Amino acid sequence: MKIAVIGGGIIGLSSAHYLQLDGHQVTVFDAGDGLDNCSYGNAGYICPSHFIPLATPGIVRKGLRWMWNSRSSLYVEPRLDWDLIKWGLLFMRSATSKHVHNAAAPLRDIALISQQAYIDWHEAGLDFEYQHKGLLEIAQTEAGEYHAQEIVARAISLGLVDTEWLSKDQLDAMEPGVRMNARGAILFHCDGHCYPNHLMKSLRAQLLNQGVTFRWNDAVTGVEATKKQIHTLHAQSGSHAFDQVVLAAGSWSGSLAKSMGLTLPMMPGRGYSVTVENNALQLTRPSILVEGRVALTPLNSSTMRFGGTMEITSHQTPPRLSRVQGILDAVKGFYPDFDMPLPALDKVWYGYRPCSADGLPYIGRTQRLENLVMATGHAMLGLSLGAGTGKLVAQLIAHKPTDMDIRPFNPNRFG
Ligand SMILES: Cc1cc2nc3c(=O)[nH]c(=O)nc-3n(C[C@H](O)[C@H](O)[C@H](O)COP(=O)(O)OP(=O)(O)OC[C@H]3O[C@@H](n4cnc5c(N)ncnc54)[C@H](O)[C@@H]3O)c2cc1C
């Protein structure tokens, strides 16, 4: 079959990989050159431990409290935008304890499928510096420790039994010589990490070898359909005929879906990262600073990445360096010897997480257009869930049973 994949981020490329392996003729369209989308500068975690969706009761409380603080890790830019208001109402409605409970198993399952797929790619020779060293979640306050202990128990009950709470002394022993203000940390042995920029470049090169066609700088503008079947895809370059279409345009998927007459609540969640060589703070394991909501990744033995913040904003709003200062301040609060001046804007990376209205991805066929498969909305987990999503997309296109029950990811769930 002739298949169009809209979007050349990790979700689009992973889908293209499995579709091409199944013998299809795959074309990837991207609005840009595909060299700096959200799948590049992220923290690189491939993490079954992240079974808590973005939409939680706690995040709504924090969002309201931090709304006016330009350095806080979570920020919703107040603006009169009907799509934002609708998304916000759906988000608040989804952010219940019951939702958090129900989302855990599906998020764990897709993450495990995905992690195995990445391990297979790594073993097959794809170069993306995959390392399996676990992930630390470091807590500084009593409340942070209490919450962390609850997560340890929940992880174990979900079968992620290799999860433990480390005391401050155990933590110090893991990073000898590094001064740290912390009470202790969760260690998720199940997690891995990679160098996402290298993953994207290697995967792209491999897809070219596999025979995938790329149409860079060729934005898709809409589709034409008859009797619920897309027959023509309109792009900047002109009109093209395809048998099946995969929508994987990241945070832009909501507006593209709207142009196709579909409802896919989505907001861009901007985050920032700074990558430095030979910094005095060179850790051996990736870690999340719980109260600072910052991710630290040793991408390799001499390169550290510091990233974070969730800024619900529009793609047009200029980036804010105050948020990067917030990241650096949070690192300093945990590692007192950390010293890094605020970099100039051109040394800062930022990207837009595709945030669905309930923190779960949209994966599946749409009711309105039967030959369209959605693969988007992975928010802060797109890299981790990328390879697994690609597998599921190929199974959906082939009308085969999927490796897991994907009903929680139903793209029609909001209308
Ligand atoms: C600071 C930060 C840290 C993060 N850390 C992690 C992490 O450690 N682990 C993890 O799992 N996730 C992480 N994430 C989230 C992850 O990066 C995203 O979820 C993921 O990259 C989304 O991938 P995607 O393919 O859906 O979208 P993208 O990578 O944004 O790709 C979408 C592509 O679609 C293209 N496009 C848009 N519109 C059109 C159109 N009309 N026609 C054609 N193409 C179009 C765009 O140009 C873009 O190239 C992080 C994100 C940030 C910001």
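# Close-up views of the ligand shell and selected residues

**View 1. Helix α10 has a kink of about 35°, centred on Gly-388.** The bend at a residue is the angle between axes fitted to the seven residues ending there and the seven starting there. The model is predicted: local features need pLDDT of at least 70 and side-chain atom pairs count only at pLDDT 80 or more, while totals for chains, interfaces and linings use all residues. Residues are numbered from 1 along each chain as its sequence is written, and side-chain values use heavy atoms, with hydrogens and water left out. Helices (H or I, at least four residues) and strands (E, at least two) are DSSP runs, numbered from the N terminus. Of the 16 residues of α10, 15 are buried. Here buried means under 20% relative accessible area, exposed means over 50%, and partly exposed lies in between (1.4 Å probe, protein chains only). Just after α10, His-399 has a positive phi of about 55°.

**View 2. The shell around the ligand holds 35 residues.** A residue is near a molecule or strand if one of its heavy atoms lies within 4 Å of it. Asp-30, Ser-39, Tyr-45, Ala-379 and Ser-384 come nearest to the ligand. By class, 20 residues of the shell are nonpolar, 13 are polar and two are charged. Ala, Val, Leu, Ile, Met, Phe, Trp, Tyr, Cys and Pro count as nonpolar, Asp, Glu, Lys and Arg as charged, and the others, Gly among them, as polar. Strand β18 gives the largest share of the shell, four residues.

**View 3. Ala-379 and Thr-309 have positive phi values although neither is a glycine.** Ala-379, one of the residues that come nearest to the ligand, is placed in the loop between β20 (372–376) and α10. Its phi is near 50°. Ala-379 counts as buried because its relative accessibility is 7%. Thr-309 lies in strand β17 (residues 303–312) and has a phi of about 70°. Thr-309 also counts as buried, at 5% relative accessibility.

**View 4. Tyr-40 is in the loop between β2 (25–29) and β3.** With a relative accessible area of 2%, Tyr-40 is buried. Its side chain reaches the backbone oxygen of Gly-34 at 2.8 Å. Beyond residues up to four places away in sequence, Tyr-40 touches Gly-34, Leu-35, Pro-196, Asn-197, Met-200, Lys-201, Arg-204, Arg-305 and Trp-349. Contact means heavy atoms within 4.5 Å.

**View 5. Cys-47 is in the loop between β3 (45–46) and α2 (57–66).** Cys-47 counts as buried because its relative accessibility is 3%. Apart from neighbours within four places in sequence, Cys-47 is in contact with Ala-111, Asp-191, Leu-381 and Ser-384. Ser-384 is also among the residues that come nearest to the ligand.

**View 6. Gly-134 is in the loop between α4 (97–123) and β5 (135–139).** Gly-134 is buried, at 0% relative accessibility. Gly-134 and Cys-190 are 56 residues apart along the chain, and their C-alpha atoms are separated by 5.8 Å. Neighbours within four places in sequence aside, Gly-134 is in contact with Leu-187, Phe-188, His-189, Asp-191 and Pro-286.

**View 7. Trp-216 is in the loop between β9 (213–215) and β10 (220–226).** Trp-216 is partly exposed, with a relative accessible area of 21%. The C-alpha atoms of Trp-216 and Val-28 are separated by 8.0 Å, and the two residues are 188 residues apart along the chain. Leaving aside neighbours within four places in sequence, Trp-216 has contacts with Gly-8, Asp-30, Gly-32, Asp-33, Gly-34 and Arg-204.

Technical notes:
Polar contact = N/O pair within 3.5 Å; in protein donor to acceptor, adjacent residues only side chain to side chain.
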